Amino acid sequence: MKRALLFLPLIIFIGLGIFLYKGLSMDPSARDSALLNKPLPDFVLPRLDNADLKVSGEDLLGEVFLLNVWGSWCPTCYEEHDQLIRLAEEGVPVVGLNYKDERPKAFRYLAQQGNPYTLNLFEPDGVRALAFDLGVYGAPETFLIDKEGIVRYHLAGEITPQLVNATILPEVRKWQNAQ
Amino acid sequence: MAKRAVVLLLLFFLVPLAQAAIELYDFSSEEKRTRFHELGAELRCPKCQNQSIIDSGSASAYDMRQELYQLLEKGYTDEEVFAHLKARFGEFILYKPPVRGDTWILWFLPPFLVLIGFVILVLLARSRKKQAPASQNDSVSERQLKLKKILELDSEQSSPSNSKDSS
């Protein structure tokens with residue numbers, strides 16, 4: 001009994017080692033959105049290209065679409081832009097939410113990078129509307145909204161080609177086919 | 001020239017003042033101001049790994065401070081404030097997680113470990129007491145006698161070697 005107890009510190013050490021080693025490969029910023037499987041929050045926001053035209057949630061509902069939060073100040077948005085263009089070419093509607101940006105800079109971004117968005121909403125600094133209600137804390141973030149307006153998938157961070165193939169496109173097709 | 005230097009020096013004093021004046025909240029009561037700081041310290045900034053929304057300088061924490069201020073001015077209770085923000089940013093932002101099946105380890109492991117440590121300490125102290133009595137039964141005079149013998153033996157052994165060294 002006493003001899004077995006001598007091994008206790010070693011066992012605890014190994015247990016702790018495994019626990020901490022696992023922690024090394026985990027991404028602390030990866031976490032599920034609180035809005036997952038909940039309806040898209042109500043909102044009324046102006047269009048990026050025309051401040052006088054207001055868009056509300058009801059205007060968007062009826063088809064499956066991606067909501068992509070972006071800003072010209074966001075380096076990762078440039079990185080993932082090609083994937084958004086590809087998704088648009090695949091026929092996936094991508095609604096942009098221009099976040100904490102300024103109109104001239106956003107226009108320049110779209111002119112230079114290309115415009116994959118069916119429509120862009122504008123939520124500048126100081127406004128807490130759709131992005132805040134969606135729990136957005138950075139850019140890029142991407143949400144998949146189904147026909148009923150329910151958030152079905154959320155990604156905080158870059159859309160990679162692998163993610164498009166393995167997750168995003170299959171998810172879009174799945175919810176497009178859902179009754 | 002000297003005048004210019006003085007003006008320049010005075011300008012440096014403006015820098016911290018300018019930074020301190022960025023955020024102003026005009027609370028309708030002192031009670032709300034204290035609650036703002038209390039609740040703000042318990043809300044974790046969603047963008048940062050470990051900073052409260054009061055401490056963090058990120059844009060996301062700024063938005064949450066603004067929202068917290070407005071919610072308090074609207075008369076939200078503490079629970080309503082937490083529920084409102086949790087519905088948007090998830091449980092991640094709560095520094096005090098709810099006690100639940102999947103969080104009990106967070107709440108109860110530390111006091112449990114302290115308890116285990118205390119039990120081990122008590123057990124160790126007891127086992128020492130059990131080993132001790134044999135020597136404690138000796139009376140004081142007996143122990144002194146033993147000591148004397150040891151000292152005598154020691155001096156007998158060391159004196160010849162000492163004399164050799166000195167000669």
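Reply: Let's call it a contact when heavy atoms come within 4.5 Å. This is a predicted model, so local features need pLDDT of at least 70 and side-chain atom pairs count only at pLDDT 80 or more, while totals for chains, interfaces and linings use all residues. Residues are numbered from 1 along each chain as its sequence is written, chains are lettered from A and ligands numbered from 1 in the order in which they are written, and side-chain values use heavy atoms, with hydrogens and water left out.

On that basis, chain A puts 15 residues into the contact and chain B puts in 17. Together they bury about 1,400 Å², 54% of it on carbon and sulfur atoms; buried area is the accessible area (1.4 Å probe) that two parts lose on being put together, summed over both.

Now the charges. Three salt bridges cross between chain A and chain B, a salt bridge being a side-chain nitrogen of Lys or Arg within 4 Å of a carboxyl oxygen of Asp or Glu. Asp133(A) pairs with Arg88(B) in a salt bridge at 2.7 Å, N to O. The side of chain A that touches chain B has eight nonpolar, three polar and four charged residues. Here Ala, Val, Leu, Ile, Met, Phe, Trp, Tyr, Cys and Pro are nonpolar, Asp, Glu, Lys and Arg charged, and the others, Gly among them, polar.

Over all chains there are 16 salt bridges. One of them joins Glu90(A) to Arg173(A), with the closest N and O atoms 3.8 Å apart. Glu90(A) is in the loop between helix H4 (75-89) and strand S4 (94-99) of chain A and Arg173(A) is in helix H7 (residues 161-177) of chain A, so the pair ties together parts 83 residues apart in sequence. Helices (H or I, at least four residues) and strands (E, at least two) are DSSP runs, numbered from the N terminus.

Then the backbone. The Ala139(A) to Pro140(A) peptide bond is cis, omega near -5°, and Pro140(A) sits in the loop between helix H6 (130-133) and strand S6 (141-145) of chain A. Asn37(A), not a glycine, has a positive phi of about 65°, and so does Lys100(A), at about 50°. Lys100(A) is in the loop between S4 and helix H5 (103-113) of chain A. Most residues other than glycine have a negative phi, and most peptide bonds are trans.
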